[in-house]
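Please open the model in a viewer and keep the sequence at hand.

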Amino acid sequence: MSDLTTAARPYGRAAFEVACAHQEQERWTDMLAFMVAVAGDPVMRALLDSPALSKQQAAELFISVCKEQVDERGENFIRLLAENDRIRLLPEIEALYRRYRDEAERTVNAEVVSASDVDDAQLAHIREALKLRLGKEVHLVSRIDPALIGGAVIHAGDLVIDGSVRGRLDKLSTALAH
């Protein structure tokens with residue numbers, strides 16, 4: 001686990017707890033996504049890194065840019081992050097928040113990466129199989145990667161199921177090398 005994730009954990013947990021306490025999980029998901037986009041802007045990053053700005057000024061600058069997208073609790077969260085020099089952790093905070101939310105709602109985001117197009121019926125079958133295996137509601141997306149040659153790779157949280165021809169060839173190559 002990275003040091004950034006460790007440092008971000010209490011802030012991700014706090015954001016999730018505030019969102020739950022006010023029943024604003026979707027609102028916080030949107031606010032954090034917007035904050036991440038603002039923090040990732042190169043101009044904003046340069047301004048926030050400027051030693052000419054105090055922590056309070058950095059917070060107020062950030063809030064002024066986010067004003068239409070964050071509420072009072074979001075503003076207070078930004079002030080807390082700025083005070084503790086943690087604005088740069090927003091991507092990790094958002095990822096942790098999403099993980100906490102998914103766990104609480106018993107959902108998992110999954111992706112099917114296939115060598116060719118997967119039709120809706122196949123996706124529905126994969127979604128149901130994952131739902132049974134994981135005991136969670138599954139939000140499934142798919143994309144094509146011709147480098148897989150054939151088959152598919154499924155990512156669902158920490159679970160990876162590699163049924164690709166490329167994966168089988170890599171396993172065979174490794175076995176032959178030893």
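Select Glu 24 first: leaving aside neighbours within four places in sequence, Glu 24 is in contact with Ala 19, Asp 71, Arg 73 and Tyr 97, contact meaning heavy atoms within 4.5 Å. The model is a predicted one, in which local features need pLDDT of at least 70 and side-chain atom pairs count only at pLDDT 80 or more, while totals for chains, interfaces and linings use all residues. Residues are numbered from 1 along each chain as its sequence is written, and side-chain values use heavy atoms, with hydrogens and water left out.

Glu 24 sits in the loop between helix H1 (3-21) and helix H2 (25-40); helices are DSSP runs (H or I) of at least four residues, numbered from the N terminus. Is Glu 24 buried or exposed? Glu 24 counts as buried because its relative accessibility is 17%, where buried means under 20% relative accessible area, exposed over 50%, and partly exposed in between (1.4 Å probe, protein chains only). Display the side chain of Arg 73 as well: the side chain of Glu 24 makes a polar contact with it at 2.8 Å. A polar contact is a pair of N or O atoms within 3.5 Å; within protein, one must be able to donate a hydrogen and the other to accept it, and residues adjacent in sequence count only if both atoms are side-chain atoms.

Next, turn to the salt bridges, of which a search of the whole structure finds 13. A salt bridge is a side-chain nitrogen of Lys or Arg within 4 Å of a carboxyl oxygen of Asp or Glu. Select Arg 79 and Glu 75, whose side chains meet in such a bridge (3.9 Å, N to O). Both residues lie in helix H5 (residues 72-83), four residues apart, about one turn of the helix. Arg 79 is partly exposed at 31% relative accessibility, whereas Glu 75 is buried at 11%.

Move to helix H6, where Glu 94 and Arg 98 lie four residues apart, about one turn of the helix. Their side chains form a salt bridge (3.1 Å, N to O). Glu 94 is buried, at 13% relative accessibility, and Arg 98 is partly exposed, at 35%.

Remain in helix H6 (residues 90-105) and select Asp 102. What is the nearest side chain of opposite charge to Asp 102? It is that of Arg 101, 5.9 Å away, and Asp 102 is buried yet has no salt bridge; Lys and Arg count as positive and Asp and Glu as negative, with His and the chain ends not counted. The side chain of Asp 102 does have a polar contact of 3.4 Å with the side chain of Asn 109.

Finally, select helix H8 (residues 165-177), which contains Leu 169. Leu 169 is partly exposed, with a relative accessible area of 40%. Arg 166 lies in helix H8 too, and its C-alpha atom is separated by 7.4 Å from that of Ala 147, 19 residues apart along the chain. Beyond neighbours within four places in sequence, Arg 166 is in contact with Ala 147, Leu 148 and Ile 149. At 36% relative accessibility, Arg 166 is partly exposed.

Methods:
Helix = DSSP H or I, 4+ residues; strand = E, 2+ residues; numbered from the N terminus.
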